[in-house]
Amino acid sequence: MEQALWTRARLGRCGPPLDLLTARFDKHVYAPHAHDEYTIGVCVGGSEVIAYRGGHIRTGPGSIVVLAPGEMHTGGPGTSTDGYAYRALYAMPTLLTEGTADLTLPHFREPLLDDPELAASLLAAHSQLSACPDPLETESRLPWLLAALSCRHSTSRAANSVIPGADGIARAVRDRLADELLDPPSLADLATDLGLSRYQLLRAFRTTMGVPPYAWLAQYRVGRARRLLDSGHRPAEVAGLVGFADQAHLTRWFRRVMGVTPAAYRNSVQDSRR
């Protein structure tokens with residue numbers, strides 16, 4: 001079945017958009033075209049043949065493809081029987097420079113990359129953000145992964161990994177996120193307030209807290225949700241009161257942290273009081 005599903009995420013509150021594509025084609029062949037952004041795709045099934053830079057790229061499951069902005073390319077099935085499936089994101093060029101030393105646009109000599117760890121991380125982020133394009137999660141995850149892509153596979157060098165005053169930076173970000181959990185500020189705005197780049201802020205926070213900002217805030221929200229459930233609130237009410245997008249978003253994180261759904265937790269608490 002031929003299918004293409006587009007999702008638009010945002011990099012932080014009121015931040016710039018970032019498009020995600022989930023595609024499965026049997027026979028579709030793209031006309032020659034180019035994008036203003038970097039096209040970063042991971043093959044998840046079958047094989048695609050992409051005409052690019054005067055040659056041809058043949059993908060396979062798990063392979064990463066990086067196509068530079070403005071470069072013409074086409075794509076179509078690699079065989080007459082299997083079709084091809086992939087997930088792709090379309091990243092503004094500046095997103096790939098944030099974690100590099102010289103902040104120049106990265107050049108990928110090889111458009112087809114073999115990096116199973118990074119491919120798995122890109123697919124996980126793509127899948128979760130397509131299902132729930134939370135702005136803070138998008139801004140926490142994708143610049144980090146795209147910096148890794150640039151530093152591992154392009155001509156760019158990694159920026160200094162040591163961030164002076166990382167503990168204080170992380171605490172300041174933590175406190176702002178907790179204070180504004182219903183409408184958290186963007187990491188770009190927080191970084192500007194602290195005189196940092198967004199990548200420096202992310203590195204300082206992850207180094208100190210052990211998790212990226214969106215994960216810390218989600219766990220903080222779960223703690224607040226738990227107290228509200230204890231007092232008798234229903235899960236559907238609680239989701240909005242602590243800043244989750246909806247009840248499904250609350251349930252996903254509550255189960256990750258607590259091991260049960262909010263409804264099951266509430267029922268257990270209520271039963272114990274009878």
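Tutor: Let's take the salt bridges and then one arginine in a helix. Keep in mind that this is a predicted model.

Student: Fine. How many salt bridges are there?

Tutor: The count comes to 14.

Student: Start with R152. Which residue does R152 pair with?

Tutor: D115. The closest N and O atoms of R152 and D115 are 2.9 Å apart.

Student: And where do R152 and D115 lie?

Tutor: R152 is in helix α2, residues 135–153. D115 sits in the loop between β9 (112–113) and α1 (116–131). The pair therefore ties together parts that are 37 residues apart in sequence.

Student: Is D115 buried or exposed?

Tutor: D115 is buried, because its relative accessible area is 9% and the cut-off for buried is under 20%. R152 has 42% relative accessibility, so R152 counts as partly exposed.

Student: Are R141 and E137 buried or exposed?

Tutor: R141 is buried, and E137 is buried too.

Student: Now D26. What is the partner of D26?

Tutor: R24. The closest N and O atoms in the D26–R24 salt bridge are 3.0 Å apart. D26 has 29% relative accessibility, so D26 counts as partly exposed. R24 is at 30%, so R24 also counts as partly exposed.

Student: Why would such side chains pair at all?

Tutor: Side chains of opposite charge can pair when their charged atoms come close.

Student: Change of topic. Where is R252 found?

Tutor: R252 is in helix α8, which spans residues 247–258.

Student: What does R252 touch, leaving aside its neighbours within four places in sequence?

Tutor: R252 is in contact with C132 and E137.

Student: Last one. How far apart are R252 and H56?

Tutor: In sequence, R252 and H56 are 196 residues apart. In space, the C-alpha to C-alpha distance is 41 Å.

Technical notes:
Residues are numbered from 1 along each chain as its sequence is written. This is a predicted model: local features need pLDDT of at least 70, side-chain atom pairs count only at pLDDT 80 or more; totals for chains, interfaces and linings use all residues. Side-chain values use heavy atoms; hydrogens and water are left out. Helices (H or I, at least four residues) and strands (E, at least two) are DSSP runs, numbered from the N terminus. Contact means heavy atoms within 4.5 Å. A salt bridge is a side-chain nitrogen of Lys or Arg within 4 Å of a carboxyl oxygen of Asp or Glu. Buried means under 20% relative accessible area, exposed over 50%, partly exposed in between (1.4 Å probe, protein chains only).
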